[in-house]
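Please read the following account with the sequence and the 3D structure side by side, moving from the contact between the chains to the features within each of them.

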Amino acid sequence: MDWINAIVQGTLLGGLYALFAAGLSLIFGVMRLVNIAHGDLIVLAAYLGLSVSTGLGIHPLMALALVVPIMAAIGYVLQRGILNRTLGDDLLPPLLVTFGLSVILQNALLEIYSADPQKLQAGAIETASLQLGPLALGYLPLLMFVCSVAIIAGLQWMFYHTALGRAFRATSDRQDVAQLMGLNRAHVFGLAMALALAVTAVAGVFLGIRTSFDPSIGGGRLIFGFEAVIIGGLGNIWGTLAGGVVLGISQSIGAEINPGWQVLAGHVVFLAIIALRPRGLFPRMD
Amino acid sequence: MPDPILEITALDAYYADFQALYDLSMHVMPGEVVAIIGANGAGKTTLMRSVSGLIRNAPEAIRYRGEAIGALRADQVAARGIALVPEGRLLFPSLSVEENLLIGGQMHRPGPWSLERIYALFPILQERRHVPSTALSGGQQQMVAIGRALMANPDLLLLDEISLGLAPVIIKTIYEALPGIVGQGMAAVIVEQDIAKALSVSTRVYCLQEGRTALEGRSDVVTREAIAAAYFGM
């Protein structure tokens, strides 16, 4: 029974990892930008959730109504103000600039919020659970998982059935020809980053409700996000969800065997999948 | 005499570090079809890329409806009603045939062209509208590229080497469709290697040679000798 429980809890955790990964995947898919600061942006969103919910005295999930648009605005300005200038044939400049951004974010958060661990208080829902036979499913992890699946389904639909998604795919294919169609590359990229950071806002607040956080944990979230993207197969949005779930299950089974093995088990499964299927479990069909 | 829709004055354009056009001047009247001919490397594609904004130049060098557009970005030029069918077609591989057409019309400029009109012009595209654009034959891809440009309802259509690499029977089909396209009052500039084809569809012709205008004239009166002289610089 413990094993089934581990798999179920791991699956629910995987939804959160899929949200970490969805933003990364979107950014890489549209503009071939590897965002090293992604984990720190998740932590930034958690701190924004903290400030909004304690400042206004509202529930952290209600705080999303402000954190999501704030993160989206930060994304648009960041892309148009800084990151667009780094994009070109060379992958290195955006890598270096987002690395620098990561350092700046960590230190700014440390300066403002100190190194003390924080947590978003979600109240009674944190401990409430749904009893399914011998399994106890926490309402909060369940809610987060459902939200993650809904967000990923929404991204998938947006990508393949809306004019904005079409613009993203066209710009990703051929930037100069997309420009001929009247699409301003700088603006399209700004919108992609805004959308990615809106998803990141949800991921950050969920993270902050689930566990305690401090300014230094961004790097670890970045790794989980990368691993979920790669396990699922680059460029496949549903694959990203699968990748997150595989990673979540691996971690919780690892923890079941030995509490010290949680993170390690995730990395080992990631390496095994890379070795056996270098393009991930569900590479995009071309 | 009405004002030209497109007026190029003393254009010097660069392709990377290499100067491809020298002091080039030309004009296109509203509703007119102008052909550009010339050997490989004469600067024809650089000219198309300059007008469409893919290469940025001095603002005053290119005027469209009286406005200096030489330094505008390609999306700003497109919004003003200039559409390019690029050399090599350059469709969006992740998009289906219909999505390629829809993205051409994403500015929602009013005009006669719609998905229905494109499908009426090239019925094969309707049949294949949900296939990825990469699954089409070269000729069908060229139809999509032309349809994609028309979806923008341009007032000036630039066609760059639309017969390049296609079978003669396909070229014939596409050229038979051209009068129906440009007969609507739309002006067009056609870059074409096949001189006979270029002359048959155009009212005037410019021959470029090493980035300069070597010949300009009415398509129905220029002589083969004059073209040969302009083409090869003899």
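In this predicted model, the contact between the two chains draws 20 residues from chain B and 16 residues from chain A. On the side of chain B that touches chain A, the elements that give two or more residues are α2 (74-79) and α3 (97-104) of chain B. Sorted by class, that side of chain B has 13 nonpolar, four polar and three charged residues.

Within chain B, six strands form an open sheet of mixed pairing, and their order is β6-β7-β8-β3-β9-β10. The edges are held by β6 (82-85) and β10 (212-218) of chain B, and because each has a single partner strand, one side of each is left without a neighbour in the sheet. From one strand to the next the twist averages 15 degrees.

Inside this order, strand β3 (residues 33-38) of chain B pairs with strand β8 (residues 187-191) of chain B in the parallel sense, over four bridges; in this pair, Ala35(B) stands opposite Ile190(B) in β8(B). Helices also lie against the sheet: helix α1 (residues 44-52) of chain B lies across β3, β6, β7 (156-160), β8 and β9 (204-209) of chain B, and runs at about 150 degrees to β7(B). Helix α6 (residues 138-150) of chain B packs on the sheet as well, where it touches β6 and β7 of chain B, and its direction makes about 175 degrees with that of β6(B).

Turning to chain A, we come to a pair of helices. Two packed helices are described by the angle between their axes and the distance between the axes. Helix α6 (residues 163-173) of chain A and helix α8 (residues 185-210) of chain A pack at an angle of about 115 degrees, their axes being 10 Å apart, and the crossing of α6(A) and α8(A) is left-handed. In this contact, Leu164(A), Ala167(A), Phe168(A) and Thr171(A) from α6(A) meet Arg185(A), Val188(A), Leu191(A) and Ala192(A) from α8(A); by class, the contact has six nonpolar, one polar and one charged residues.

Elsewhere in chain A, Gly10(A) has its place in helix α1 (residues 2-31) of chain A. Is Gly10(A) buried or exposed? Gly10(A) counts as buried, because 25 C-beta neighbours lie inside 10 Å, where the cut-off for a buried residue is 20 or more. Leaving aside neighbours within four places in sequence, Gly10(A) is in contact with Gly248(A), Ile249(A), Gln251(A), Ser252(A) and Ile253(A). By contrast, Asp214(A) is 204 residues from Gly10(A) along the chain, and the C-alpha atoms of the two are separated by 23 Å.

Technical notes
Residues are numbered from 1 along each chain as its sequence is written. Chains are lettered from A and ligands numbered from 1 in the order in which they are written. This is a predicted model: local features need pLDDT of at least 70, side-chain atom pairs count only at pLDDT 80 or more; totals for chains, interfaces and linings use all residues. Axes are lines fitted to C-alpha atoms, for helices over the stretch in contact, and angles run from 0 to 180 degrees between N-to-C directions. A crossing is left-handed if the near helix is turned anticlockwise from the far one by less than a right angle, and right-handed if clockwise. Two residues are in contact if their C-beta atoms, placed from the backbone, lie within 7 Å. Ala, Val, Leu, Ile, Met, Phe, Trp, Tyr, Cys and Pro count as nonpolar, Asp, Glu, Lys and Arg as charged, and the others, Gly among them, as polar. A residue is buried if 20 or more other C-beta atoms lie within 10 Å of its own, exposed if 12 or fewer, and partly exposed in between; C-beta atoms are placed from the backbone. Two strands pair if DSSP finds at least two bridges between them.
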